[in-house]
Amino acid sequence: MRTLLLLYLCVYTAWAQDNLDYDDYDTDSKSKPAENATEVGARGHRPLTRGTDRYSPNRYVPPPISGGSRYRGRPAPAPTGQPQEEEKVTQPDAGGCTHASEEMGVLCPNGCELKTTLLKQEKNVKMSIGELKPQVDELSRASNNVYNYVNSMSNSLRERQRVINDNNRVVGQYSDNVEEQHAYIKETVDTVFPSNIRVLQGVLEKIKLKIQKLEKAIHAQSEVCKEPCKTKCPIPVVSGKECEDIFRRGGTDSQMYMVHPDTFYPPYKVFCDQTTQNGGWLLIQNRLDGSVDFGRRWDDYRRGFGNVAFDSGKGHCETPSEYWLGNDRISYLTKMGPTEVLIEMEDWSGAKVYAQYQQFTIQSDASNFVLAVDGYSGNAGNSFMEGSSELFGENRTMTIHNGMMFSTYDKDNDNWNPGDPYTQCSREDGGGWWYNRCHSANPNGRYYIGGAYTKQMAKHGTDDGIVWMNWKGSWYSLKGISMKIRPYFASR
Ligand SMILES: [Ca+2]
């Protein structure tokens, strides 16, 4: 019994120690505190408070061991005849107590004492067994708890092992990725970067060479431009007052000529179109490639600017360039006699139209070069006399150019708040012109490559391109436009 008690104590102590470890584990793992006795762990039932968890024994009782015998029945004994009579033997009473079986004889006094002692001991043993029984039950209960707890610990351990294995696998994959990244970066740093640097160095060297070449070219151009540019075109021998005069004198090729309309002033170069409508046309304005800036002051427009013509390889200047002949010269030429004007234009698809006026006169500088036209013909639309055909009423009449003075951005003679320096058509629409308020035609406007342009592209949000509204509207800038004058002969 003592041994059983000792075993019970040992097991109980171990169980209590295990319970302490469990509490520590929960604290370490920062799980729910043990006071929350209603909580059940996700991984199955475990005792949450010491001593309150009851064990429910298995209610299934195994069947009793079978009482059947494995032996066959024994054969009946053979009859032995007459039963033997036995003689009764009387045992002498030796003064002791009688044995329960008479054959055993008489017990000695010591034997009686033993019996008495045994009877007494039997009583004590029964009591001890009675005391031992609950202890054994308690021990059974405790060992069951321990078994369950050990079982749950094993499950926990397996789960932890699985988590550790998973973590190891993740760490392994991460390490592999890091190694791959490292290899890639190392490859980039060791190979790609130096290669790119070499390529860039090569590009840099080429750019340096180009810069050197450009510097040489700029230097050479600077040397050439120290002197004012002079045309290398040979000047034809034939000359005259103007192109019609030259034509009549035999100058029937379209090219640059020298004209001398006013004997009080020196002669000057112009381009004569001796081909169109039988020739005799003197070019006073030309736009074809945007090479010349037309956003100029009053004096520039008065004197004239640009390049008259250039030699494209034929040995004479047969190709007109961009220029404005000059208001003084235009005025003088148109006042020599009845003059007609031919305005030819081309869009970016190569389509061509024209507007022609039988009468074209420009007043002198004193009158701010007032424009007067009449006798329209052509297929471009009569912008000068009728304004924009898209508009009506006052909106239309304010786009008529006939009768307007010439305006530049530094001399506002337009019909838009005359005298107000903040309302200038020339400043907004890009060139010098006979602006009203403001235009239906703008041949001296800004040059836009491609034709169509927008408010956002325009410097002031206005239609400042090379515009002929009655042909292409306000937001299309022509590829080319020219103005030619010729003495008008009604009988021609
Ligand atoms: Ca104005």
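The questions and answers below go from the whole chain to single residues.

Modeller: This is a predicted model, in which local features need pLDDT of at least 70 and side-chain atom pairs count only at pLDDT 80 or more, while totals for chains, interfaces and linings use all residues. Residues are numbered from 1 along each chain as its sequence is written.

Biologist: What is the mean pLDDT of the protein chain?

Modeller: pLDDT is the predictor's confidence in each residue, from 0 to 100. Over residues 3–67 it stays under 50, although 75% of the residues of the chain reach 70 or more. The mean for the protein chain is 81.

Biologist: How much of the protein chain counts as buried?

Modeller: A residue is buried if 20 or more other C-beta atoms, placed from the backbone, lie within 10 Å of its own, exposed if 12 or fewer, and partly exposed in between. Of the 492 residues of the protein chain, the share that counts as buried is 25%.

Biologist: Why is strand E1 largely enclosed by the rest of the structure, and which strand is joined to E1 by five bridges?

Modeller: Helices (H or I, at least four residues) and strands (E, at least two) are DSSP runs, numbered from the N terminus, and two strands pair if DSSP finds at least two bridges between them. Four of the five residues of E1 (residues 255–259) are buried, so this strand is largely enclosed. Gln255 stands opposite Cys272, and the antiparallel partner joined to E1 by five bridges is strand E2, residues 268–273.

Biologist: Is Tyr453 buried or partly exposed?

Modeller: Tyr453 is found in the loop between strand E11 (441–442) and strand E12 (467–468), and, not counting residues up to four places away in sequence, Tyr453 touches Tyr448, Ala458, Gly465, Trp475 and Ser477. Because 19 other C-beta atoms lie within 10 Å, Tyr453 is partly exposed.

Note on methods
Contact = placed C-beta atoms within 7 Å.
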